[in-house]
Amino acid sequence: IHHHGVAGGIKVGQIGFRCIHIFTLSFVQPLSLVASSSTAPLVGEPLARRRRDGEVETPAAGSYNGIGYNALTARRGRKRKNGKRNRMEQKNTRLRNVGFITFFFSGICAISSGVVVSLLQEQYGFAYGMTGTLLSLMSIGNLLAGFLIAMLPGKLGMKPSILLLTIGYALGYAMMGLSGAVAVLALGFFLVGIAKGSVINTCTILVSDNSADRTRGMNLMHSCYACGALLCPFFIAAAGRVSGSFAVLVLAVLGLLLWLVYMGTPFAGRGAGKKEVTDWSFLRSTRFWLLTGLLFCQNAAEQSVTGWMVTYFKGSGIIAGALAAYTVTVMWGATLVARLLIAFVFPFKQPRKAMVVMGVSCTIFYILLVQARSQGAAIVLLFAFAFSMAGLNPTAVASAGRMTSVTSMGIML
């Protein structure tokens with residue numbers, strides 16, 4: 001301080017403190033750690049030193065140079081797990097959204113068949129027997145699709161089977177729009193039925209396997225279908241201003257968009273392009289056959305109303321011609337409201353009792369609907385019928401639990 005002044009003295013003091021700190025780190029702490037752990041390396045030794053037998057020795061977690069080693073390893077492990085979990089969640093979200101989007105398109109294409117039958121009847125003068133035959137061929141295709149989508153993945157793989165069967169919307173409606181031959185129309189309705197059944201099965205697998213809450217996911221998926229069904233008369237009415245054939249070709253374009261969505265979807269983890277082993281154990285389950293019987297009756301009632309009721313109301317004069325096409329909108333509007341209420345407001349705590357109540361209610365409203373003779377009563381009863389039946393399909397599929405494999409859903413649906 002005498003030679004360098006006050007500032008110089010402060011500087012010398014700082015250097016002294018640094019020397020003491022370095023001395024402590026270099027000698028005192030290593031000696032204390034050596035005393036506590038004989039395997040700890042001294043300062044200057046590498047973190048992983050080589051033993052006499054040639055194996056690499058990892059420093060002890062409690063040693064000075066190894067402090068935080070286990071913590072760092074655990075942190076890195078957690079980051080890897082979180083990264084895998086995030087990637088898995090993103091993949092699940094994408095597959096679930098594909099199910100929602102394609103089921104929306106399927107709602108437009110499938111429910112439009114009832115309106116298309118009415119257009120074909122006006123254009124070609126078909127009798128009720130002919131229109132009923134066309135709708136029956138569509139139902140046969142829908143039935144056959146369940147068995148095809150259950151069998152083909154074991155031979156071709158999941159994605160090739162889906163692409164092969166879902167192209168029916170585009171091909172079927174294209175044939176209806178370009179030709180009026182009875183054989184061509186029959187084949188077109190058959191292909192549309194195959195596509196309908198295949199899309200239902202595929203979307204059910206995508207949503208049920210990638211949803212945390214299966215009941216909510218299934219009701220949301222069927223709400224997307226109801227949205228498409230709700231909009232289909234508006235699509236056909238807008239396109240029908242050009243011509244009836246143009247309206248049918250618009251449906252073919254929508255079917256092609258649905259197919260392109262599947263084309264760009266990686267079905268990883270489900271045997272995208274690989275042959276799969278078929279598990280038939282679900283056939284021994286009583287619950288599977290009860291749910292299948294319930295869905296059989298539900299689909300029969302829904303198909304008879306959506307496919308036949310438009311033509312019946314219009315032909316019998318109960319509902320005016322311009323309004324008859326929008327009976328589908330009334331029905332699917334009620335369906336959409338009911339399914340959203342089930343998904344978000346009134347979730348079922350006892351699904352079995354809920355299905356019994358819905359089954360009895362829709363049966364009563366169906367009987368009253370067939371006996372309706374006025375326009376107002378027909379609209380009100382159609383709304384009530386659709387509202388009471390809306391939750392049957394998604395609740396039944398969600399109740400299947402672990403039986404939702406490609407094969408079981410193909411046979412059930």
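## Pockets, an aromatic pair and a helix

Three helices, namely helix 3 (128–151), helix 9 (286–316) and helix 15 (406–412), each supply at least two residues of the lining of the largest pocket. Helices here are DSSP runs of H or I with at least four residues, numbered from the N terminus. This is a predicted model, in which local features need pLDDT of at least 70 and side-chain atom pairs count only at pLDDT 80 or more, while totals for chains, interfaces and linings use all residues. Residues are numbered from 1 along each chain as its sequence is written, and side-chain values use heavy atoms, with hydrogens and water left out.

Rolling a probe the size of a water molecule over the atoms shows where empty space is left. A pocket is an open set of points on a 1 Å grid over the protein atoms alone, where a 1.4 Å probe fits, with protein on both sides within 12 Å along at least five of seven lines; lining residues have an atom within 4 Å of a point. A volume is the space filled by probe spheres set on the points, which are joined across faces, edges and corners.

The largest pocket holds about 480 Å³ of space. Its lining has 18 residues, and the closest to its centre are Asn142, Leu143, Phe296, Asn299 and Leu413.

The second largest pocket is lined by Arg287, Leu290, Leu291, Leu294, Arg352, Met355, Val356 and Ser399.

Nonpolar means Ala, Val, Leu, Ile, Met, Phe, Trp, Tyr, Cys and Pro; charged means Asp, Glu, Lys and Arg; the others, Gly among them, are polar.

| Pocket | Space | Lining by class | Helix giving the most |
|---|---|---|---|
| Largest pocket | About 480 Å³ | 9 nonpolar, 7 polar, 2 charged residues | Helix 9, 7 residues |
| Second largest pocket | About 250 Å³ | 5 nonpolar, 1 polar, 2 charged residues | Helix 9, 4 residues |

The structure also holds 6 aromatic pairs. Rings of Phe, Tyr and Trp (its six-membered ring) pair if their centres lie within 6.5 Å; planes under 30 degrees apart count as stacked, over 60 as edge-to-face and the rest as tilted. Phe288 and Trp289 form an edge-to-face pair, 5.0 Å centre to centre with 80° between the planes. Phe288 is buried, at 0% relative accessibility. Trp289 is partly exposed, at a relative accessible area of 45%. Buried means under 20% relative accessible area, exposed over 50%, partly exposed in between (1.4 Å probe, protein chains only).

Helix 6 (residues 182–209) has 28 residues. From first C-alpha to last, helix 6 reaches 41 Å, close to the 40 Å expected at 1.5 Å a residue. That expected span is 1.5 Å times one less than the number of residues.
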